[in-house]
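Here is a note for a colleague opening this structure for the first time. Please read it with the model on screen.

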Amino acid sequence: MLETSARLLRLLSLLQTAREWPGAELAERLGVSGRTVRNDIDRLRELGYPVDATRGPAGGYRLVAGTAMPPLLLDDEEAVAVTIALRTVAQGALSGTEETSLRALAKLEQVLPARLRRRVRTLQTYTVPVPPDRPQPALDADVLTTLTAACRDREVLRFDYRDHRGAATRRTAEPHRVVNWGRRWYLVAWDVARDDWRTFRVDRIEPRTPTGPRFTPRTLPNDGDVAAYVARNVSAAAWRHRARVRVHAPAEAVAERINPAVGVVEAVDESTCVLDTGADSLETLGVHLGMLGYDFDVTGPPELLGHLRELAARYGRSTP
């Protein structure tokens, strides 16, 4: 009986992975016959686990969603990762889920083996997060769930939106992806009224329900690299100072040194490129240019030219 119970737990653990298992492969993994696998599948069904079976050479078994949440079987690394993630959320990383995260964390830590509990506590004791340099916006978990569900179901989304100046507008958009950047979340969507891609701060969105009709997915911007698209657009929108700088180096070499949040590199020829960059201060922009490691030409704006001349004079005075 103990062998059968242990085998059922192992079988359930395999079925919980995101794939369909051929019967022969399950039998090999468990070291039993195909008939035993079929009998064990029937036992799981009797216990309330919905297991779908498909016949034929390409057939197999797959655990599907049921009416209740089955117990999750985690290996050591998964258990540690989930525990750390729950601690992070419980500390306020996602507004509105702190209490729920604490309840889930208490259940998980209660059943962690001593060796894993020691690893988690060691990580907690000897890792210290640096507080953010500015208050972080609160994020409603229900809003995040609504947005990701609309992306999954390809349903038009209607929502009220506040821009960085606090002005309110009503938007209709086709949501495609939700991107996490640091402790902020952004929705990448096709704005129906503006007939173009837009990036929206999730903490400024107030969804209106129900969602609209289904839409046909579009080709994602930036060749599908939505993370770089968000980084570039969000940064550019916040820049107070911009500059187009001619860099005396191949575009590929400069692009390796430039994060998408810092600027966009455009090739001119094999040995020259243009960097479209910016920052919220002249000091930061000067630092970005100084870290290029290549010669460059700046023609404007005038305030940047003045700042770079001041830097050059200061550096000249600092060396004998």
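The points below cover the basis of the model, cores, salt bridges, strand pairing and backbone geometry.

1. **Basis.** This is a predicted model, where local features need pLDDT of at least 70, side-chain atom pairs count only at pLDDT 80 or more, and totals for chains, interfaces and linings use all residues. Residues are numbered from 1 along each chain as its sequence is written, and side-chain values use heavy atoms, with hydrogens and water left out.

2. **Cysteines.** The structure holds zero disulfides; the test is a pair of cysteine sulfur atoms within 2.5 Å. Cys151 is buried, at 15% relative accessible area. Buried means under 20%, exposed means over 50%, and partly exposed lies in between (1.4 Å probe, protein chains only). Cys273 is buried too, at 0%.

3. **Largest nonpolar core.** A nonpolar core is a set of buried Ala, Val, Leu, Ile, Met, Phe, Trp, Tyr and Cys residues joined through side-chain atoms within 4.5 Å. The largest has 20 residues, and Val247, Val254, Leu289, Leu292, Val298 and Leu304 touch the most other members. At least two residues come from each of strand S8 (241-247), helix H9 (251-257), strand S10 (272-279), helix H10 (282-290) and helix H11 (302-318). H11 gives the most, with four residues. Helices (H or I, at least four residues) and strands (E, at least two) are DSSP runs, numbered from the N terminus.

4. What does Leu289 contact, leaving aside its neighbours within four places in sequence? The list is Val245, Leu275, Thr277, Phe296, Val298, Leu304 and Leu308. Contact means heavy atoms within 4.5 Å. A second, separate core has 16 residues, including Leu12, Leu15, Leu30 and Tyr61.

5. The structure holds 18 salt bridges. Each needs a side-chain nitrogen of Lys or Arg within 4 Å of a carboxyl oxygen of Asp or Glu. Arg170 and Asp160 form one, at 3.1 Å from N to O. Arg170 is in strand S4 (residues 168-181) and Asp160 in strand S3 (residues 157-162), ten residues apart. Arg170 is exposed, at 57% relative accessible area.

6. **Arg171 and Asp191.** Their closest N and O atoms are 3.0 Å apart in a salt bridge. Arg171 lies in S4 and Asp191 in strand S5 (residues 184-191), so this pair ties together parts that are 20 residues apart in sequence. Are these two residues buried or exposed? Arg171 is buried at 12% relative accessibility, and Asp191 is buried at 0%.

7. **Glu174 and Arg218.** This salt bridge has its closest N and O atoms 2.8 Å apart. Glu174 lies in S4, while Arg218 sits in the loop between strand S7 (205-208) and helix H8 (226-238), so the pair ties together parts that are 44 residues apart in sequence. Glu174 is buried, at 10%. Arg218 is partly exposed, at 34%.

8. **A charged network.** Salt bridges link Arg242, Arg244, Glu266 and Asp276 in a network. Asp276 is in strand S10 and is buried, with a relative accessible area of 17%. Leaving aside neighbours within four places in sequence, its contacts include Trp239, Arg242, Arg244 and Val262.

9. Six bridges join S5 to strand S6 (residues 196-201), and the two run antiparallel. Strands pair if DSSP finds at least two bridges between them. Tyr186 has Arg201 in S6 as its bridge partner. Four residues lie between the strands of this hairpin, and Asp195 is in the turn.

10. **Backbone points to check.** Most residues other than glycine have a negative phi, and most peptide bonds are trans. Asp195 has a positive phi, near 55°, and is exposed at 54% relative accessibility. Asp223 also has a positive phi near 55°. Asp223 lies in the loop between S7 and H8 and is exposed, at 83%. A cis peptide bond joins Thr209 and Pro210, with omega about 0°; Pro210 is in the loop between S7 and H8. Another cis bond joins Gly300 and Pro301, again with omega about 0°. Pro301 is in the loop between strand S11 (296-298) and H11.
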